[in-house]
Amino acid sequence: MAQLQRLAVSPAQICDRQIDLTKEQQHYLNRVLRLSEGDRFIAMDGRGHWWCAVLELRETGLFASIAEEISANRELPVEVTLMAALPKGNGFDEVVRQATELGVASIVPVTSDRTLLKPSAQKVDRWRRIAAEAAEQSERQFVPTILEPVSFDMAVKDCGQKNRFICVARGDNRHLWDCLLGNLEPPQTPLLRGEQDGATGFDPPQPPLIRGEQEREELAIVIAVGPEGGWTDGEVERAIEFGFEAVSLGSRILRAVTAPIVALSLVGAAFEKS
């Protein structure tokens with residue numbers, strides 16, 4: 001099963017144990033992956049469900065039928081939101097791609113005092129496509145949520161998670177690793193993995209919870225990383241006022257596209273069991 005190709009589909013495409021493939025998906029499966037009628041692939045809805053699907057042919061083109069549900073456990077046992085200031089150029093493309101591979105749950109693009117990029121709606125759509133592709137490649141159960149860009153002040157003000165960290169390049173701050181190994185607080189309400197979608201006409205069973213436990217409160221973490229040149233002193237002060245703790249990622253100065261990867265790698269090392 002691990003060698004089967006993977007395809008991200010929308011829950012709205014699923015009805016009566018069949019997947020209504022788009023023209024682009026048909027082309028990808030048939031022309032790019034060279035799959036034909038009767039071949040199998042893994043369909044994932046980005047909400048925690050995986051299915052083994054069989055490619056079938058009808059007069060209007062290719063479609064897929066669901067053969068069975070696949071149990072998978074690919075997610076971090078902690079809900080991580082990355083609040084990332086937009087770097088220059090296309091650097092945010094790589095931030096989205098690699099953060100998805102490392103297990104981030106959601107990404108908040110932030111415009112800061114030193115941000116040069118003013119993203120368009122097309123940019124946001126591109127980031128969401130990149131996240132879906134990276135989720136397929138890394139065999140994730142969930143496609144991260146890419147939110148609309150917001151100002152730094154709005155992002156820190158509206159942050160609802162209890163465990164909030166802002167990465168600062170200089171200063172005598174605790175290392176993020178030490179904070180992750182400390183006593184982090186769980187959220188007030190449980191964060192549930194996966195959901196049924198009755199509108200599709202097919203209610204798949206819920207996927208297994210992380211670590212095979214019963215429903216419970218999971219840790220929720222927000223990590224804010226800055227742009228080129230780092231956060232301004234005023235931004236750090238405002239974040240602290242809203243409950244963020246200033247943390248260090250080490251003694252070296254990291255690029256804006258490197259810092260998110262280091263932070264998320266530390267989260268994985270601290271929480272993901274082997």
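Reader: How many bridges join S1 to strand S4, and do they run parallel or antiparallel?
Author: Three bridges join S1 to S4, residues 40-44, and the two strands run parallel. This is a predicted model.

Reader: Which residue in S4 is the bridge partner of Arg6?
Author: Arg6 has Ile42 as its bridge partner in S4.

Reader: What is the strand order in that sheet?
Author: The order is S1-S4-S5-S6-S3-S2. The sheet is open, has six strands and shows mixed pairing.

Reader: Which strands stand at the edges?
Author: S1 and S2, the latter being residues 14-15. Each has a single partner strand, so one side of each is left without a neighbour in the sheet.

Reader: Ser65 next. Where is Ser65 found?
Author: Ser65 is in strand S6, which covers residues 61-70.

Reader: Is Ser65 buried or exposed?
Author: Buried, because its relative accessible area is 15% and the cut-off for buried is under 20%.

Reader: And which side chain does the side chain of Ser65 join in a polar contact?
Author: That of Glu56, at 2.5 Å.

Reader: Is Cys167 buried or exposed?
Author: Cys167 counts as buried, because its relative accessibility is 9%.

Reader: What about Cys15, how accessible is that one?
Author: Cys15 has a relative accessible area of 39%, so it is partly exposed.

Reader: Which helix and which strand each supply at least two residues of it?
Author: Helix H6, residues 233-241, and strand S14, residues 245-248, each supply at least two residues of the largest pocket's lining.

Reader: And how much space lies in the second largest pocket?
Author: About 450 Å³. That pocket is lined by 18 residues, with Ala8, Val9, Gln25, Ala132 and Glu136 nearest its centre.

Reader: Where does the largest share of its lining come from?
Author: From H3, which gives four residues to the second largest pocket. At least two residues each come from strand S1 (6-8), helix H1 (23-32) and helix H3 (121-137).

Reader: Last one, Asn163. What is its place?
Author: Asn163 is in strand S11, residues 163-167. Asn163 counts as buried because its relative accessibility is 7%.

Reader: Which backbone oxygen does its side chain reach?
Author: The side chain of Asn163 reaches the backbone oxygen of Ala220 at 3.0 Å.

Reader: And what separates the C-alpha atoms of Asn163 and Gly243?
Author: A distance of 8.5 Å, although Asn163 and Gly243 are 80 residues apart along the chain.

Key:
Residues numbered from 1 in each chain as written. Predicted model: local features only at pLDDT ≥ 70, side-chain atom pairs only at ≥ 80, totals over all residues. Heavy atoms only, no water. Buried < 20%, exposed > 50% of the residue type's maximum accessible area, 1.4 Å probe, protein only. Polar contact = N/O pair within 3.5 Å; in protein donor to acceptor, adjacent residues only side chain to side chain. 1 Å grid on protein atoms, 1.4 Å probe; cavity = no way out; pocket = protein on both sides within 12 Å on 5 of 7 lines; lining within 4 Å. Points joined across faces, edges and corners; volume = space filled by probe spheres on them. Pairing = 2+ DSSP bridges.
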